[in-house]
Protein chains: 2
Amino acid sequence: MSYSHYSTGNTTSPSAPPVPENQSQPGVGYPYQRPPQSQQSNYNYNYGQPQNPTSAGGYGSQYGYAPPTPSFPPGTHPEIIRNFQMVDSDRSGFIDAKELQRALSSGYQQFSLRTIRLLIFQFGNPADPHRIGPKEFSELWNCLGQWRAIFERFDRDRSGKIDAAELRDALYSLGYAIPPTVLQLLIAKYDDQSGRRPDLSFDSFVECGMIVKGLTEKFKEKDTRYTGSATLSYETFMTMVIPFLAAE
Amino acid sequence: MSYSHYSTGNTTSPSAPPVPENQSQPGVGYPYQRPPQSQQSNYNYNYGQPQNPTSAGGYGSQYGYAPPTPSFPPGTHPEIIRNFQMVDSDRSGFIDAKELQRALSSGYQQFSLRTIRLLIFQFGNPADPHRIGPKEFSELWNCLGQWRAIFERFDRDRSGKIDAAELRDALYSLGYAIPPTVLQLLIAKYDDQSGRRPDLSFDSFVECGMIVKGLTEKFKEKDTRYTGSATLSYETFMTMVIPFLAAE
């Protein structure tokens, strides 16, 4: 089964050059990214799970073949399929932002449309930026499960909220070591001017995480030698950044 | 009169090094920015108007002086003062996003909160990112007047909407020559999947314009020799970009 609508490498295969599994990079100079780990290129998506054997299938099928009806990869958990089908009422095989919001929401977990759009942007197909299919939904679901586990680990008092230091540690657990200035900018967004220390719900944590993950991956694509800096043309800079703004 | 809360040079004086008036730069290599014009550093704000004589007054007052109650620069149009005071009901001298939305809205002109937050981010004080005072409001008002005139010039059929090519030309009139790839990313956001060509209201035009203006100015700060490219560390890149996401 192949997915011709899904050929940009934006989901299971991050668009940054993947680090070969188990190959350590001596002297990695990337100051704010943790050293590569085994399975790093899939670390954030399929934590602890084998890589989806169909995930590379779409690459060869983008030239001239009619796209097959999208379906779930073999072995997808029935709960994921049920949740997708529950909101895909016209059985089109695709769900949009509002449908995704319904599919992911429960009493325990609510997502703003803004976070939902960032998720679609991060996991979906840039050429079809308003909806996702079963494969992307499944990957997104698994990623959120992993992020939920990390959020709960750092939400020690089970308040449903984490503070700035816990956000930093949670992002570090996900593989992102962000500088204090960046942490401060992220957290400032949740400052409600009450004088209390800002804290983040799971929704906000996912929003922050998607911003950090997305921008870091984009930057790494341009920093091919892992030096921690990159030379960007004006056009490159603008095209790297605008999709994040446009996604919201 | 000085404004100690207003010392970052983020409004009338763009944070990029200003180009001296009437000094042409031979061989400017900036591929996507129009060649500097006289008054370029204020071109986007005070089109055709003399520079506000008080606008540099805040710079000297940031050390140790108590901030004076914010007030309007001398010569501010009474309509601007009236609109500000109408929404600043507690006379605090500051208005927040919802108040700004009310102050700027009329039957003719409505702004989304998203655009309003981008305006506050662009014109306000980064250290106080949720509200603006009279001086910033006045600058913002004048800028919107200029942008409205340009929007109307390109909205030839008076439909209240402009298309992609008109957006490109309107941004060019404001001093921003954006590459086709960037235009495409900007306009994709307004594609409603109906198959019709996306078009932009004045609200969306301002939103796009603030994104282009803000990111271009940030980039130019790092491209001090106007070569059209800049070398950025990961931290610099992240701190340049995240405020645009956080502002929304």
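Copies are superposed by least squares on the C-alpha atoms of residues with pLDDT of at least 70 in both. The exercises below concern a predicted model.

**Exercise 1. Symmetry of the two chains**

Determine which rotation superposes chain A on chain B, and which residue of chain A comes closest to the rotation axis.

*Solution.* 
1. Chain A is superposed on chain B by a rotation of 180°, with 0.0 Å of shift along the axis and an RMSD of 0.0 Å.
2. This is therefore the relation of a two-fold axis.
3. Thr231(A) is the residue of chain A that comes closest to the rotation axis, its C-alpha lying at 2.0 Å.
4. Both copies use the same surface, since 100% of the contact residues of chain A recur in chain B.

**Exercise 2. The packing of two helices**

Describe how helix H2 and helix H5 of chain A are arranged relative to each other.

*Solution.* 
1. Two packed helices are described by the angle between their axes and the distance between the axes.
2. The axes of H2(A), residues 78–87, and H5(A), residues 134–154, come within 10 Å and cross at roughly 120°.
3. Angles of 65 to 115 degrees count as roughly perpendicular and those over 145 as roughly antiparallel; H2(A) and H5(A) are therefore oblique to each other.
4. The crossing of these two helices, H2(A) and H5(A), is right-handed.
5. On the side of H2(A), the contact involves Glu79(A), Ile80(A), Asn83(A) and Phe84(A). H5(A) contributes Pro134(A), Phe137(A), Ser138(A), Trp141(A) and Asn142(A).

**Exercise 3. The setting of one glutamate**

Find the helix that holds Glu166(B), explain why Glu166(B) counts as buried, and name its contacts beyond its neighbours within four places in sequence.

*Solution.* 
1. Glu166(B) belongs to helix H6 of chain B, which covers residues 164–173.
2. Buried means under 20% relative accessible area. Glu166(B) has 17% relative accessibility and therefore counts as buried.
3. Leaving aside neighbours within four places in sequence, Glu166(B) contacts Phe154(B), Arg156(B) and Lys161(B).

Definitions and conventions: Residues numbered from 1 in each chain as written. Chains lettered and ligands numbered in written order. Predicted model: local features only at pLDDT ≥ 70, side-chain atom pairs only at ≥ 80, totals over all residues. Heavy atoms only, no water. Helix = DSSP H or I, 4+ residues; strand = E, 2+ residues; numbered from the N terminus. Buried < 20%, exposed > 50% of the residue type's maximum accessible area, 1.4 Å probe, protein only. Contact = heavy atoms within 4.5 Å. Axes fitted to C-alpha atoms, helices over the stretch in contact; angles between N-to-C directions. Parallel < 35°, antiparallel > 145°, perpendicular 65-115°, else oblique. Left-handed = near helix turned anticlockwise from the far one by under 90°.
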